[in-house]
Every structure is written in C-alpha cells, then in structure tokens.
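Here's a quick tour of the model on screen.

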Amino acid sequence: MAKEVTNKPSFEEFLNCFPPVELPFTLGEDTHMLFSKENDPIPGAIIAEYILPLEGEEETDEVTEYIACFALPTSKNYHAIVYWKAGLLNYEYKLFTFDTRGNLIAEKVIAGTTYDGMELTQTMAAIQEDLLLYLVSGQSQLVKEEYTAANSTANRFQITEEGKIVEL
C-alpha cells in the first residue's frame, strides 16, 4: 500500500502569515483595511488546517473572510497572533495564544463590530507594550440612531508569561 503524500502546512508556516507588530497598537473599526493592504492573504491550506479548527468549522463559506493581522512580541513560552474574521453582520479581531508546539492556550475576541438586528456593538482594543489589553465597547440602537454612553463598557486584560489571557 502506497503512503499518501500530503502537503500539510506547518505550524511555522501558519505563524509566518502574521508579521510582528510594534506596540503600543490600537485596533479600531477600519484597521483591517491596513492589514488587508500590507499583509499577504492567508493561503487556503493554512485556513483549512489552522483557522477553521479554531473557529469550530469544517469548511469555509463564501461569506466569511480571514485577514492575518499581526503577531505580538511574546516570551519564548508561547506565540500570540491576531486575525480579523469578517462574517455576515459580524466583524471580529481575534487573539489566540499557542504553546511552542502549536497547542491552543487561550483565545479572545478583542475588537470588532456586531449587529443583532436591533443593536450595534463596536469594540476597540489598545494593546500596550506590557501586553495589557484595554477593550472599550459601545452599543447603539440604530432604530433610535443614538449612542448612549451608559451602554459602554471598559475591560482590561493581560497576557501572562504562560500565554493565558486574564481579566484584571
């Protein structure tokens, strides 16, 4: 019986899709356009091998798009990457941390825009040099076309030396 040859992309090839970023850095509503222009598209084989399993999906659809954003400067204990996922009425910047063998440690949606038919939620993230993440979210009801500051939230997270994402 002949051995099947596969061209499975390596974890290193996956990581190479995400160029390093200089901190501090802020993710806003349109930051993905910068990454779309500056970074190469993520190859389909890498999406299938690494991103779809993270998303809990088996195959891509014609609506969802993934854009490689960046890799965070981290310790030698783990890797941290951010990509942008665009789906129907849902745009998310997602942070993932992996150990050195490619095993998932943690994941978090850190910025983006969602719309549920009634309420628009927008979240921005500021990432500091010490890997502190400040997330600010605001909601507005498009029916009323008004923004209410009382509907805003602010959260603070940090990526630990082990690659965990913890709320402070």
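Strand S4 (residues 90-99) and strand S5 (residues 104-115) run antiparallel, joined by nine bridges. Strands here are DSSP E runs of at least two residues, helices are H or I runs of at least four, and both are numbered from the N terminus; two strands pair if DSSP finds at least two bridges between them. Across that pairing, Tyr93 sits opposite Ala111 in S5. The S4 and S5 hairpin has four residues between the strands, and Gly102 there takes a positive phi near 95°.

S5 also pairs with strand S6 (residues 119-127), again in the antiparallel sense, over four bridges. Thr114 has Thr121 in S6 as its bridge partner. Three residues lie between S5 and S6 in their hairpin, where Gly117 in the turn has a positive phi of about 100°.

## The whole chain

This is a predicted model: local features need pLDDT of at least 70, side-chain atom pairs count only at pLDDT 80 or more, and totals for chains, interfaces and linings use all residues. Residues are numbered from 1 along each chain as its sequence is written, and side-chain values use heavy atoms, with hydrogens and water left out.

Overall you get three helices and ten strands, in the order α-β-α-α-β-β-β-β-β-β-β-β-β along the sequence. Of the 168 residues, 42% count as buried (under 20% relative accessible area, with exposed over 50% and partly exposed in between; 1.4 Å probe, protein chains only).

## Val63

Val63 is found in the loop between helix H3 (44-55) and strand S2 (65-71). Val63 counts as partly exposed because its relative accessibility is 46%.
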